[in-house]
Amino acid sequence: MGSKVRNVYQEGELLPISALQHLLFCERRAALIFLEGLWQDNTYTAQGSLLHEQAHQATVECRDDWRIVRGLWLRSLELGLYGRADVVEFRRTQRETTLTVPLPGLAGLWQPFPVEYKSGRLRREESFEVQLCAQAMCLEEMLGVLVPAGAVYYGKTRRRLELEFTPSLREKTRATARRLHELITTGKTPHAVFRKKCRSCSLVGICLPTAMSHKKSVRRYLKQAMERGEDEAPA
Ligand code: SF4
């Protein structure tokens, strides 16, 4: 995926974690939002935004051996990313392991567990998994712990899907973050290619993939016409 592999980014170079999801959906979409500053809500994104706002409303909630933190700021200089976690659950344990960390003013040791809120029904989505894994890797870098698992919570069905952050998911997350930085560094928006998923893309009205696809077919038509000699001037 990239030519240059960075070990660490500077604060001013950090990009939003949420951009990973857009990039995996469509590179042109990520460029339209993060390079050209365009954004348009559709029903899916409006529901998603509402769910995220609800998740970020409170800040800290304590329940016995649980501490639920909403809207926690995250950052990773290794990935070059920053963002806010919808929810990080800290579960108290008395055993010191590589999975636990002390929290200021609280007894015991705590194991972090990130939860990302999504609208819709419970389903597997690679882009959600990469986004959640990036949050876990931010927590690891910030807190000096291992975060082996997290969950995606689906608003429509009110169910959560637990995920393990495997080595391959971590590598996919690193590669996606590198590709995002490459895209932003080049400053070039990729051409539109109409695909089935364009129908559910909130940017379809700005991106105009059908018109762009049409242009491509016109080019193809002209190329074919030239090959047939139809562009020759009449004698
Ligand atoms: S409409 Fe299609 S090509 Fe355009 S940004 Fe959305 S997914 Fe990408």
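Trainee: Which residues are closest to the ligand?

Mentor: This is a predicted model, in which local features need pLDDT of at least 70, side-chain atom pairs count only at pLDDT 80 or more, and totals for chains, interfaces and linings use all residues. Residues are numbered from 1 along each chain as its sequence is written. The ligand is surrounded by 13 residues, where a residue is near a molecule if its C-beta atom, placed from the backbone, lies within 6 Å of it. The closest are Cys-26, Arg-29, Cys-198, Cys-201 and Cys-207.

Trainee: Which element gives the most residues to the shell around the ligand?

Mentor: Helices are DSSP runs of H or I with at least four residues, numbered from the N terminus. Two or more shell residues come from each of helix 2 (27-34) and helix 6 (204-207). The most, three residues, come from helix 2.

Trainee: How is helix 1 oriented to helix 2: oblique or roughly parallel?

Mentor: Axes are lines fitted to C-alpha atoms, for helices over the stretch in contact, and angles run from 0 to 180 degrees between N-to-C directions. The axes of helix 1 (residues 18-25) and helix 2 come within 5 Å and cross at roughly 140 degrees. Angles under 35 degrees count as roughly parallel, over 145 as roughly antiparallel, 65 to 115 as roughly perpendicular and the rest as oblique. Helix 1 is therefore oblique to helix 2.

Trainee: Which residues of helix 2 does helix 1 meet?

Mentor: Contact requires C-beta atoms, placed from the backbone, within 7 Å. From helix 1, Ala-19, His-22, Leu-23 and Phe-25 take part, and they meet Glu-27, Arg-29, Ala-30, Ile-33 and Phe-34 in helix 2.

Methods: Contact = placed C-beta atoms within 7 Å.
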